[in-house]
Amino acid sequence: MKKLAEKFTEWAKANGWNVKLADKARDLPESVTERYKFIPADWLEFIRCFEVCANGADNVWFDTGEYDEFEQISLEAAEGDEEWTNKIRAFWDNHIPVVISVAGYYHYYAVGVRTGEVFKGSEPEFEEVEIAAPSFTDFVEYIIGGKIVLN
């Protein structure tokens, strides 16, 4: 996976991203490891390689799974509706946000904790998603190859 991180770093620097590889593999925050018992290995190995990984405008970034603003927005919308609230929490318990974008409109990519697939979701219904890639490794390769454009 380090090779994938290095390949992505080359692409990112050539495309104006602010990228800094970590000196040593970083640990995920406890809030992430407590919430997600099944973490896809390819994403984990990749994200642990980076200190910083964001576009030049700093409005699209790779996330360690801590960013929960979209979940919070959905929960606010569902306030008072226990069934909807439970569905939102169940969704986010099974999807780790891996790329966040606030460029133009709010959207994200998340990796499914059980399948390893990468999904794309956006406002206003963050939990309505489509499959973007069959795995995180494929997702990164799609970015490098131009099949997925992060904006």
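This is a predicted model: local features need pLDDT of at least 70, side-chain atom pairs count only at pLDDT 80 or more; totals for chains, interfaces and linings use all residues.
User: Which residues of α5 are buried?

Analyst: Thr 85, Ile 88, Phe 91 and Trp 92 are, buried meaning under 20% relative accessible area and exposed over 50%, with partly exposed in between (1.4 Å probe, protein chains only). Judged by directions from the helix axis to the C-beta atoms, they cover an arc of only 125°, which puts them on the same side of α5. Glu 82, Glu 83 and Lys 87 are exposed on the other side.

User: What makes Asp 81 a cap for α5?

Analyst: One of its side-chain oxygens lies 3.3 Å from the backbone nitrogen of Glu 83, at the N-terminal end of α5. A polar contact requires N or O atoms within 3.5 Å, within protein one able to donate a hydrogen and the other to accept it; residues adjacent in sequence count only if both atoms are side-chain atoms.

User: What does Leu 150 contact beyond its neighbours within four places in sequence?

Analyst: With contact meaning heavy atoms within 4.5 Å, its partners include Trp 17, Phe 62 and Phe 139.

Residues are numbered from 1 along each chain as its sequence is written. Local features need pLDDT of at least 70, side-chain atom pairs count only at pLDDT 80 or more, totals for chains, interfaces and linings use all residues, and side-chain values use heavy atoms, leaving out hydrogens and water.

Technical notes:
Helices (H or I, at least four residues) and strands (E, at least two) are DSSP runs, numbered from the N terminus.
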